[in-house]
Amino acid sequence: MVSSLIAKVEEKHLRKEPLEFSVGDTVDVHVRIIEGARQRIQIFNGVVIARRGKGTNESFIVRRIVNNEGVERIFPVNSPSIVKVEVKRSGVTRRAKLYFLRERSGKATRLREKWVGKKK
């Protein structure tokens, strides 16, 4: 009874269209940034190394390298500041969390690309 009531309340705050990406994908996250009275869209691109939570608590971590320094950012999936998430590449992974990429640098951070063949 209580869980159904919570589900009803959370339903209002969920995203209408789900974000279609998985761990290992290289994505561009379009984020709305408000500076004073101005708004702009900033793109944060990198590899999705983790996805966690359910419902309104769901979030994902995107990692990128800037000036030979790793930068990670956590995005709530249902945040109104996320405009869209574009998938640039899909990587093949055998893990749910890619935290091992934190210790790697250079070419060692690359993931094998998921190959999608043509359907006949």
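The legends below describe close-up views of a predicted model.

View 1

**View 2. The surroundings of Val27.** Leaving aside residues up to four places away in sequence, Val27 touches Phe21, Phe44, Asn45, Gly46, Val48, Val62, Val85, Glu86, Val87 and Lys88.

**View 3. The loop between helix H1 and strand E1, with Pro18 and Glu17.** Pro18 lies in the loop that runs between helix H1 (2–11) and E1, and Pro18 counts as exposed because its relative accessibility is 59%, where the cut-off for exposed is over 50%. Although Pro18 and Asn78 are 60 residues apart in sequence, their C-alpha atoms are 9.0 Å apart in space. The side chain of Glu17 meets that of Arg15 in a salt bridge (3.7 Å, N to O), and Glu17, at 46% relative accessibility, counts as partly exposed.

**View 4. The salt bridge between Asp28 and Lys88.** The two side chains meet with an N to O distance of 3.6 Å; Asp28 lies in strand E1 and Lys88 in strand E5, so the pair ties together parts that are 60 residues apart in sequence. Asp28 is buried, with a relative accessible area of 12%, whereas Lys88 is partly exposed, with a relative accessible area of 47%.

**View 5. The salt bridge between Glu113 and Arg89.** In this pair the closest N and O atoms are 3.5 Å apart, and, because Glu113 lies in the segment after E5 while Arg89 lies in strand E5, the bridge ties together parts that are 24 residues apart in sequence. Both partners are partly exposed, Glu113 with a relative accessible area of 46% and Arg89 with a relative accessible area of 33%.

**View 6. A network of salt bridges that includes Asp28 and Lys88.** The structure as a whole holds 9 salt bridges.

Key: Residues are numbered from 1 along each chain as its sequence is written. This is a predicted model: local features need pLDDT of at least 70, side-chain atom pairs count only at pLDDT 80 or more; totals for chains, interfaces and linings use all residues. Side-chain values use heavy atoms; hydrogens and water are left out. Contact means heavy atoms within 4.5 Å. Helices (H or I, at least four residues) and strands (E, at least two) are DSSP runs, numbered from the N terminus. Buried means under 20% relative accessible area, exposed over 50%, partly exposed in between (1.4 Å probe, protein chains only). A salt bridge is a side-chain nitrogen of Lys or Arg within 4 Å of a carboxyl oxygen of Asp or Glu.
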